[in-house]
Amino acid sequence: MLLEGKVAVVTGGTRGIGLAIVKSFLHHGASVTLCGSRKETVEKALAEIEDLMPGAPVRGAHPDLTDEAEVRATIEETMGAFGGHLDIMVNNAGISQSTPLVSYTPEEIQKVIDLNILSVFNGCQAAAKVMVEQGSGVILNTSSIVSLYGQAAGCGYPASKFAVNGLTKSLARELGPKGVRVNAVAPGVTATDMVAALPEEMVKRVSAGIPLGRPGEPEEVANVFSFLASDKASYVTGCVVSVDGGAVF
Ligand code: NAD
């Protein structure tokens with residue numbers, strides 16, 4: 001199996017792309033801690049997985065991702081539960097925005113900075129503290145197609161994903177010599193709650209530019225995470241891999 005014996009932490013693992021990543025990692029033989037923002041949603045995701053894969057090695061946590069110490073504690077608990085090592089850290093939790101520039105409030109721009117940038121930084125830092133010591137590990141960040149093209153409203157969202165790419169490429173250079181690979185996956189329009197929450201007009205406009213003619217499924221994005229997390233991708237680092245049906249805007 002692709003991820004046999006590997007131990008992973010996945011943030012934003014309760015639904016959408018993150019939950020698909022958790023299921024894919026389990027399917028490929030990894031042990032996983034899935035993180036969400038609330039105990040209830042974490043328990044719901046764990047129950048769904050138990051129904052699907054009874055006895056799968058998965059546990060839940062709901063750390064405040066803006067607090068590096070809480071993320072580190074989740075990693076330590078994961079290592080305690082699953083054999084003392086951390087092989088894969090997925091910083092996937094994120095929110096989208098569609099607010100026009102002049103309507104942004106300070107709270108709104110801070111919210112996307114906190115979750116989409118600071119939390120990814122914290123996840124990278126907390127994981128790197130363990131992985132550098134181990135001399136091995138893989139960090140995967142969820143970027144977005146908007147990190148290539150920007151978007152016509154909600155500029156905080158693409159700005160945050162440009163930052164994710166910057167972190168990914170920089171940390172690949174910093175941590176590569178220490179045995180840690182760092183990559184990002186940039187999904188295009190993917191059929192999750194996040195897309196369901198966007199204005200219909202925006203989704204229609206974006207979908208019209210997809211050569212494969214449809215939004216992606218979370219599982220199609222998760223497949224790429226599993227590949228990048230595995231030893232099959234042993235010479236891949238510093239990449240932002242698009243999974244977007246060939247979309248161009
Ligand atoms: P989703 O809204 O379905 O799920 C978001 C996840 O993030 C949930 O597990 C939720 O618990 C977690 N989360 C939200 N706010 C949080 C907080 N404050 N603290 C901790 N966790 C929090 O979203 P999705 O569509 O699956 O998106 C996942 C990632 O993929 C995001 O980073 C998003 O930017 C990116 N992405 C999604 C699409 C898409 O079309 N769906 C496209 C490109 C990129």
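Mentor: Gladly! A pocket is an open set of grid points with protein on both sides within 12 Å along at least five of seven lines, and a volume is the space filled by probe spheres set on the points. Keep in mind that this is a predicted model.

Trainee: What volume does the second largest pocket have?

Mentor: Its volume is about 150 Å³. The second largest pocket is lined by 13 residues, and Gly216, Glu220, Val243, Asp244 and Gly245 are the closest to its centre.

Trainee: Now the ligand. Which residues come nearest to the ligand?

Mentor: For this, a residue counts as near if one of its heavy atoms lies within 4 Å. There are 26 residues around the ligand, and Thr14, Ile17, Asn92, Tyr157 and Thr192 come nearest. By class, 14 of the shell residues are polar, nine nonpolar and three charged.

Trainee: Which helices supply at least two residues of the shell each?

Mentor: Helices H1 (16–27), H6 (156–175) and H7 (193–196) do. H7 gives the largest share, three residues.

Trainee: Where are polar atoms placed against oxygen atoms of the ligand?

Mentor: A polar side-chain atom of threonine 192 is 2.5 Å from a ligand oxygen. With asparagine 92, a backbone N or O atom lies 2.7 Å from a ligand oxygen, and for threonine 190 a backbone N or O atom lies at 2.8 Å.

Trainee: How much of the ligand does the protein bury?

Mentor: The protein buries 89% of the 830 Å² that the ligand exposes when taken alone.

Technical notes
Residues numbered from 1 in each chain as written. Predicted model: local features only at pLDDT ≥ 70, side-chain atom pairs only at ≥ 80, totals over all residues. Heavy atoms only, no water. 1 Å grid on protein atoms, 1.4 Å probe; cavity = no way out; pocket = protein on both sides within 12 Å on 5 of 7 lines; lining within 4 Å. Polar contact = N/O pair within 3.5 Å; in protein donor to acceptor, adjacent residues only side chain to side chain. Areas by Shrake-Rupley, 256 points an atom, 1.4 Å probe, with all protein chains shown as cover. Helix = DSSP H or I, 4+ residues; strand = E, 2+ residues; numbered from the N terminus. Nonpolar A, V, L, I, M, F, W, Y, C, P; charged D, E, K, R; others polar.
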